[in-house]
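Let's take a friendly walk through a protein model together. Keep the sequence and the 3D view at hand, and look up each residue as we come to it.

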Amino acid sequence: MKYYPSTSARFTAGFGCFLLALLFSLFSLSVLAQEEPAETDTASLSVTPDSIPLEYYPLPPTNVRVKDAPNDAGGSIDVQWDMSPDDVPEGKVKQYRILRAELIEGQRREFIEIGDATAGATLFTDGNTEDGLDYIYKVVAVNSLTQNNEVVWEAATESMPAGPVRSSAQWFDRQRVNALVGVLLLCVFIIYFITRARAGKELFIRKIAGLEAVEEAVGRATEMGKKIFYIPGISDMDNMQTIAGITILGKVAELAAQHETWLEVPVCRSLVMVTAKEVVKEAHSKVGRPDTFHEDQVHYLTDDQFGYAAAIDGMVVREKPATIFFMGEFFAESLILAETGNASGAIQIAGTAAPAQLPFFIASCDFTLIGEELFVASAYLSREPKLLGSLKGQDMGKAVILVAILIGIILETFDIWSFSTLFSVID
Amino acid sequence: MFVIQYFIPHYPFNRMSHWFSDWFAIILACAIVLGALNLMKISIQKVIKKKPGWGYAVVIIASFLLITIIGLSEGEGFREPGTWFDWLYVYVYTPCSSTMFAILGFFVASASYRAFRARNFEATLLLLAAFFVMIGRVPVGDIISGFMPEGARLSNLASWIMTFPQTAGQRAIMIGIALGIVSTSLRVILGIERAHLAGE
């Protein structure tokens, strides 16, 4: 038996459905109203990854050129391109993406992304190539919309492929030709003047007060019957300033041995200790006093910068040396050492090529060898023609630089900049 | 080799400086033993012979043995936070080191006082330059000179001194140093300079 609902029942059911539909619609609208962001980019809502309008696609970059990166050890290829016409401020190009495919036995492999470049860039260096292998590159202009660090949509257009190209190492860095010319020129000057000095040509060397005072300083210690301290800096034997300092140590040690004055060399590097010990020992032998050399004269303290400064300060305060030499590379400890020595009343001669420490030494020491004077000390003290010749060559180099500076000043004053670029050194 | 590798990027020259640096680091690590042994030898002799200041030598020996024993006993992770070695480093070594560095402030004051006395023309020039640079680097400099045109204010004057005369002087010194290094290197390479090898 079939059941037929009455009219009133049908009406009631229909009205109920209507109410349910109304409630559902209101609920849906309220939910939608909550989900809708306060500020909506209409483009982001109307565009989905599957339906990106054609006008969102940027024009591709053109004229893609690839070449082996120059002046390197291989493993790099430079990719250059002309910017997409849409790569303008607020334009369609957000970035460029670089794709690379290997070409093995004539077969091109799949393109893979190897990096990206910001909009406006026209060069990318692929530093991850294998020398001898052929590569093909494409540059892709990318337009995209990102919200909350998530890409909403992306429209990309590829350039024509460029290549094949392969990377290789070079045997000469052409960017450093100017440095090579400079070094060779200086070497020629130095060797020329050494040859002249060997031939007996008299060379004039200006007086350097700090080096003139070395003998006086050693003599003072002898008269007072006190020690001489020699501090060869806090760098190791791989530093040219330490080598210069050790060279001067030899001359000071000879004078001290002649005067039978105790020379103490506290060091902060083991290799410097070994070298300085040999130098002082040799100096004693040279003046015919090997018996006056003691192993303890040259001793190690610590590798630590401020530990070394503290140890020397303690020794200076306790032992009150008559003379202190600071010859080598110093850092922040320079003033701590020099001021303590100054307070103890010692005569102090310093020499360093660390420009930042020079004012401290000038303020606290009696004599200071400024920069290059540290390197000429050996020649100056020995007066050996070969060494003096090298100083003359060095001065000649300085004269060339001076002339170049003058020419540069004049040219740049008249808005000619190309001359100064000859002297730029690329690391 | 170092000179050549600067101009030749090709293998093996491009690796040479790294190889030499590695070898130098290895030699240095081995040579530290020489230094440590020398320090111990001299300190022990000082204590045994009761030389003046032997008490300091006792501190050196005790500190050396303490840090060495603790470092060795804690194995590979001796530098990890929470180890005894780390505790000594953070609470003993670092404060001592910082104290020494902090003393520098007082030494700068005493050295400045001596350097800036207007004894002659050069010292007076130095004093004036230092005065303008120091006052131009603090806010009060611009407050004092606020009534002056923008370019003549003390901060700009300080910048001008640092950018032009100071930089020019420093560059002159740097050029001299660079030439001196090249010249000394050449003397060492050619064997003219052998004093550092205990030669003539």
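Let's begin with a single residue. Ser378(A) sits in helix α10 of chain A, which covers residues 372-382. Helices here are DSSP runs of H or I with at least four residues, strands are runs of E with at least two, and both are numbered from the N terminus. Is Ser378(A) buried or exposed? Ser378(A) is buried, and its relative accessible area is 3%. Buried means under 20% relative accessible area, exposed means over 50%, and partly exposed lies in between, using a 1.4 Å probe and protein chains only. Leaving aside residues up to four places away in sequence, Ser378(A) touches Thr247(A), Lys251(A), Leu387(A) and, from chain B, Glu193(B). Touching here is contact, that is, heavy atoms within 4.5 Å.

A word on how to read all this. The model is predicted, so local features need pLDDT of at least 70 and side-chain atom pairs count only at pLDDT 80 or more, while totals for chains, interfaces and linings use all residues. Residues are numbered from 1 along each chain as its sequence is written, chains are lettered from A and ligands numbered from 1 in the order in which they are written, and side-chain values use heavy atoms, with hydrogens and water left out.

Now let's look at the nonpolar cores. A nonpolar core is a set of buried Ala, Val, Leu, Ile, Met, Phe, Trp, Tyr and Cys residues joined through side-chain atoms within 4.5 Å. The largest one has 64 residues, and those with the most contacts inside it are Tyr230(A), Leu249(A), Leu263(A), Val265(A) and Phe325(A). Helix α5 of chain A (residues 240-258) gives the most to this core, with 10 residues. Chain B takes part too: at least three residues come from each of its domain 1 (1-53) and domain 3 (164-200). Which residues does Leu249(A) touch, not counting those up to four places away in sequence? They are Tyr230(A), Leu263(A), Val265(A), Ala276(A), Val279(A) and Val280(A). A second, separate core has 28 residues, including Ile312(A), Phe326(A), Phe361(A) and Phe107(B).

Next, follow chain B as a whole. Its secondary structure comes to 7 helices and 0 strands. The domain assignment gives domain 1 (1-53), domain 2 (118-161) and domain 3 (164-200); such bounds come from an automatic or database domain assignment. Taken over C-alpha atoms, the centres of domain 2 and domain 3 of chain B are 35 Å apart. Chain B has a radius of gyration of 26 Å, whereas a compact globule of 200 residues would have one near 16 Å. That radius is taken over C-alpha atoms, and the globule rule is 2.2 Å times the number of residues to the power 0.38. Along the principal axes, the C-alpha atoms of chain B fill a box of roughly 70 × 50 × 40 Å. Of the 200 residues in chain B, 28% are buried. Among contacts in chain B with a separation of 6 or more, 13% are between residues 24 or more positions apart.

What about the cysteines? A disulfide is a covalent bond between the sulfur atoms of two cysteines. The test used here is a pair of cysteine sulfur atoms within 2.5 Å, and by this rule the count over all chains is 0. Cys30(B) is in no disulfide either, and its nearest cysteine sulfur, that of Cys268(A), is 18 Å away. Cys268(A) is buried, at 3% relative accessible area, whereas Cys30(B) is exposed, at 52%.

Finally, look at the backbone. Most residues other than glycine have a negative phi, and most peptide bonds are trans. The bond from Gly163(A) to Pro164(A) is cis, with omega near 5°, and Pro164(A) lies in strand β9 (residues 162-165) of chain A. Another cis bond joins Tyr11(B) and Pro12(B), with omega about 5°; Pro12(B) is in the loop between α1 (2-7) and α2 (13-48) of chain B. Asn149(A), not a glycine, has a positive phi of about 65°, and Asn149(A) is exposed, with a relative accessible area of 78%. Lys50(B), in the loop between α2 and α3 (54-73) of chain B, has a positive phi of about 50°.
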